[in-house]
Amino acid sequence: MNKLPLPPFYNCMTRTQAVLGWIYLPVHIVVLPLLLNILNSVMAQPMTSGELNAVYYLFSTVVILAVTLRYLRSSFDVLLDNRRGCFMTVVMMVLSNYAMSLFMSLLLMLLGLVQENATTEMVALSQGRDYAMLKAVAVFLAPIAEEVLFRGVVFGSLRKRSRTLAYIASIVLFSLYHVWQFAVRSGEPMYLLAALQYIPISYVLVWGYERSCSIWTTIFFHMGYNAFSFYLLGLL
């Protein structure tokens with residue numbers, strides 16, 4: 001029986017960029033946070049959570065831009081060449097994320113697995129200048145670093161081998177990435193279940209990248225999503 005062809009997907013990331021991205025991925029997820037926390041613990045005047053977060057994402061963004069600048073430029077050309085398609089993709093991403101997030105919230109509530117969102121906890125502990133810094137980082141820096149790594153590198157390089165594996169790897173890594181540090185600090189492995197809350201947005205971002213073939217589609221969506229999340233937090 002012949003397999004159905006995969007939906008068309010154009011990945012403008014070079015093999016060298018992908019390899020360097022895979023090398024940096026564990027640094028971004030594990031090594032850099034641990035090093036910064038160790039450094040912060042021995043500083044005479046420790047950094048606040050906002051400052052620590054800013055240093056973390058600023059460093060990663062600079063590294064990623066240095067490695068994948070041509071990829072980002074080529075991907076932006078794809079966006080410009082298919083503006084209407086990318087816009088419609090974003091609209092579908094918004095609707096899909098809303099529906100899937102609502103379903104996941106109801107499911108977790110029925111299963112009694114509702115836990116406080118890790119990002120919400122961090123924001124709740126921040127005030128004033130620290131809050132403003134967290135918001136700026138989340139809106140402008142984090143989407144670039146995270147989209148290039150989790151969508152561009154992970155999904156983009158695995159997709160040609162296995163579409164299913166590419167989806168699973170990107171979704172699982174991105175979801176666990178947002179909660180593993182909190183699980184370690186609290187000493188509660190069950191905190192990892194909070195990663196389930198990130199599955200809808202993780203899936204939507206992967207789908208958006210595959211459909212539009214431009215990482216900027218997901219970067220701009222991610223920026224808007226984070227900005228809207230902070231807006232809602234400000235209303236609570």
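**Rings and a helix: a quick chat**

Visitor: Hi! Is Phe 230 buried or exposed?
Guide: Phe 230 is buried, as its relative accessible area is 7%. Bear in mind that this is a predicted model.

Visitor: How many aromatic pairs are there?
Guide: The count comes to 14 aromatic pairs. In one of them, the rings of Tyr 131 and Phe 230 have centres 5.6 Å apart and planes at 70°, so this pair is edge-to-face, the label for angles over 60 degrees.

Visitor: Which parts does that pair tie together?
Guide: Tyr 131 belongs to helix α5 (residues 128–158) and Phe 230 to helix α9 (residues 215–235), so the contact joins parts 99 residues apart in sequence.

Visitor: And how accessible is Tyr 131?
Guide: Tyr 131 has 22% relative accessibility, so it counts as partly exposed.

Visitor: Which rings are linked into a cluster?
Guide: Phe 9, Phe 155, Tyr 167, Tyr 203 and Tyr 209 are, through ring pairs.

Visitor: What sits over the ring of Phe 174?
Guide: The charged end of Arg 151 does, 4.3 Å from the ring centre. Arg 185 likewise lies over the face of Phe 182, at 5.9 Å from the ring centre.

Visitor: Switching to α3: what should its residues span?
Guide: Helix α3 has 29 residues (83–111), which should span 42 Å at 1.5 Å a residue; the end C-alpha atoms are 41 Å apart, so the two agree.

Visitor: Which residues of α3 are buried?
Guide: Cys 86, Thr 89, Met 93, Asn 97, Met 104 and Leu 108. In general, an α-helix has 3.6 residues a turn, so residues three or four places apart point the same way.

Visitor: What follows α3?
Guide: Gly 112, with a positive phi near 70°.

Conventions: Residues numbered from 1 in each chain as written. Predicted model: local features only at pLDDT ≥ 70, side-chain atom pairs only at ≥ 80, totals over all residues. Heavy atoms only, no water. Helix = DSSP H or I, 4+ residues; strand = E, 2+ residues; numbered from the N terminus. Expected span 1.5 Å × (residues − 1). Buried < 20%, exposed > 50% of the residue type's maximum accessible area, 1.4 Å probe, protein only. Phe/Tyr/Trp six-rings, centres within 6.5 Å; stacked < 30°, edge-to-face > 60°. Lys NZ or Arg CZ within 6 Å of the ring centre and 35° of its normal.
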